[in-house]
Amino acid sequence: MNNQRAQWILGGVLIFGFFLLTPNLAFAKTSGTAPKMTASSFWNQFLPHHVTYIQDGHAGPIIYDFQDPNCPYCHVMYEHEAPLIRAGQLTVRYVPVAFLTPQSPAEAAAWLQSPHPLQALKHFETIVGPALRSGSYRSLPKVTPTAATRKNLRQNLDIMGETGFEGTPAILFRAKDGAIGRIPGAISEASLKKLLPHLWHGHD
């Protein structure tokens, strides 16, 4: 999609004390000839078809969580999201990126190239904590990324950056009023619970 890459113009205000909301999200194609993308088309059409993700959950509102396998705060965020997923209160689309360490691409590939990506991701999360604390990554699953996986990881990282994020975890959500919200960094499980009633559940 090189000739269709969207560039984002993000306006922001603070809501709920700390969440950066982008109520006037405007999308202009690099060619300047395509119409602007609305928040609705970004959420319902662009994101589902242009990011490569692993979905956990099938109930509750959807959020997108960009994660690098070697990001300790991503692991913390995963642990905060997991109980809400199990309770049917949240659906998370984990978007792998791989830029923090030389091991990141091979570890992200182990998720994406698995016959069962969600199970691979969950297994990784059960063993990554001790690895991050010890600094030894030998136990973490790794596979050689295919050309398709490398392309998907690059595209995920490009989109993460173009939506205004500089690091992981990076969360995109849609608020009840339809606007797109951004959470840069990890938040507590309690804060995530407070956000749930304000998230989009409907369809355009």
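Tutor: Before we start, a cavity here is a set of grid points where a 1.4 Å probe fits but cannot get out, and a lining residue has an atom within 4 Å of such a point. Keep in mind that this is a predicted model.

Student: Okay! How many cavities of 30 Å³ or more does the structure hold?

Tutor: It holds 1. The volume of the largest cavity is about 40 Å³.

Student: Which residues line the largest cavity?

Tutor: You can pick out Gln67, Asp68, Pro69, Cys71, Cys74, His75, Trp111, Phe124, Glu125, Val128 and Leu132 around the largest cavity. Two elements, α2 (72-86) and α4 (117-134), each give two or more residues to that lining.

Student: And which element gives the most?

Tutor: That's α4, with 4 residues.

Student: What's the lining like by class?

Tutor: There are 7 nonpolar residues in the lining of the largest cavity, along with 2 polar and 2 charged ones.

Student: New topic: where does Asn156 lie?

Tutor: Look for helix α5, which covers residues 147-162; Asn156 is part of that helix.

Student: Is Asn156 buried or exposed?

Tutor: Asn156 is buried, because its relative accessible area is 0%, and the cut-off for buried is under 20%.

Student: So what does the side chain of Asn156 reach?

Tutor: It reaches the backbone oxygen of Pro96, at 2.9 Å.

Student: Nice. Which residues does Asn156 touch, not counting those up to four places away in sequence?

Tutor: Pro96 is on that list too, together with His50, Val51, Thr52, Phe66, Val95 and Val97.

Technical notes
Residues numbered from 1 in each chain as written. Predicted model: local features only at pLDDT ≥ 70, side-chain atom pairs only at ≥ 80, totals over all residues. Heavy atoms only, no water. 1 Å grid on protein atoms, 1.4 Å probe; cavity = no way out; pocket = protein on both sides within 12 Å on 5 of 7 lines; lining within 4 Å. Points joined across faces, edges and corners; volume = space filled by probe spheres on them. Nonpolar A, V, L, I, M, F, W, Y, C, P; charged D, E, K, R; others polar. Buried < 20%, exposed > 50% of the residue type's maximum accessible area, 1.4 Å probe, protein only. Polar contact = N/O pair within 3.5 Å; in protein donor to acceptor, adjacent residues only side chain to side chain. Contact = heavy atoms within 4.5 Å.
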